[in-house]
Amino acid sequence: MERPGPGRGRGCAVMITAKASVDSSVPSVPGAAVATGVPEREEPAWPWKDAPIRTLVQRIHQLQAERAQAFRRLEEGHLQYQRSGPPYDFPSYRSTVHEVTQAFAAASREVLAVEAELAGPRGQPLLASHVRSLQQLEQTRLATVALLQLMGAPELSEQENTLEMRQLKMKVIKTMEAISEVLQDLRFDAESVE
């Protein structure tokens, strides 16, 4: 069996989760970039600043739909990778992972902005906690899917642990059910606020 080289195989799952968490961080202190020596990015004006709460909740649902589409792209990319070899077309898979990571990071930044808006200026801690729960569940889902893809990598197929994979698949299903419940709670509680 050929071992994956640097930037191949196992590193992809780490790239998905580590890159998404780095990209999803929102600077909380203006000017913090000066202290770290990293130039601050100019953030565009947030279009939802004065939007009604109903609109913010609708935006969260739209972002969830974008995340679902990104998960489908990730799954399709992984299936194509598995079917491509040997030799396996890792560059295409890596490109898909990169695109999906950027989509997850963008969605996470916006979800965190909605959470901050609800927790702060809107004074809606319950709604903000739903959004925070949603974000945490999505992080769990992404990490679990990345681990499943890593375990299902062709390079590691003879080391496959079917019990562990079955448990991880159940974890993804349970996480998706929890996400649906949080989205329902968010919608219901937002309606009672207005």
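Glu115 is buried in this predicted model, with a relative accessible area of 13%; buried means under 20% relative accessible area, exposed over 50%, and partly exposed in between, with a 1.4 Å probe and protein chains only. Residues are numbered from 1 along each chain as its sequence is written, and side-chain values use heavy atoms, with hydrogens and water left out. Because the model is predicted, local features need pLDDT of at least 70 and side-chain atom pairs count only at pLDDT 80 or more, while totals for chains, interfaces and linings use all residues.

Glu115 forms a salt bridge with Arg132, and the closest N and O atoms are 2.7 Å apart. This pair links distant parts of the chain, with Glu115 in helix 4 and Arg132 in helix 5, 17 residues apart. Helices (H or I, at least four residues) and strands (E, at least two) are DSSP runs numbered from the N terminus. Arg132 is partly exposed, with a relative accessible area of 36%. A salt bridge is defined as a side-chain nitrogen of Lys or Arg within 4 Å of a carboxyl oxygen of Asp or Glu, and the structure holds five of them.

Arg59 takes part in a salt bridge with Glu110, where the closest N and O atoms are 2.7 Å apart. Arg59 lies in helix 3 and Glu110 in helix 4, so the pair ties together parts that are 51 residues apart in sequence. Both of these residues, Arg59 and Glu110, are buried, and the relative accessible area of Arg59 is 12%. Arg59 also forms a salt bridge with Glu66, the closest N and O atoms being 3.5 Å apart. Glu66 is partly exposed, at a relative accessible area of 38%. Through shared partners, salt bridges join Arg59, Glu66 and Glu110 into one network.

In soluble globular proteins, nonpolar side chains tend to be buried together. A nonpolar core is here a set of buried Ala, Val, Leu, Ile, Met, Phe, Trp, Tyr and Cys residues joined through side-chain atoms within 4.5 Å. The largest nonpolar core has 20 residues, of which Ile53, Ile60, Leu118, Leu127, Val131, Leu134 and Leu186 touch the most other members. Two or more residues of this core come from each of helix 3 (53-83), helix 4 (90-119), helix 5 (125-151) and helix 6 (162-193). Another core, of 16 residues, lies apart from it, and Ala70, Tyr81, Tyr93 and Met151 are among its residues.

Leu134 is placed in helix 5 and is buried, with a relative accessible area of 1%. Not counting residues up to four places away in sequence, Leu134 touches Ile60, Gln64, Arg67, Ile179, Val182 and Leu183. Leu134 and Leu186 are 52 residues apart in sequence, and their C-alpha atoms are 9.5 Å apart in space.

Two glutamines are also buried. Gln135, in helix 5, has a relative accessible area of 4%. The side chain of Gln135 makes a polar contact with the side chain of Ser108 (2.9 Å). A polar contact is a pair of N or O atoms within 3.5 Å; within protein, one must be able to donate a hydrogen and the other to accept it, and residues adjacent in sequence count only if both atoms are side-chain atoms. Leaving aside neighbours within four places in sequence, Gln135 is in contact with Arg67, Ser108, Val111 and Leu112. Gln124 is found in the loop between helix 4 and helix 5 and is buried, with a relative accessible area of 17%.

The loop between helix 3 and helix 4 contains Pro86 and Pro87. The peptide bond from Gly85 to Pro86 is cis, with omega near 5°, and a cis peptide bond with omega of about -5° joins Pro86 and Pro87.

Notes. Contact means heavy atoms within 4.5 Å.
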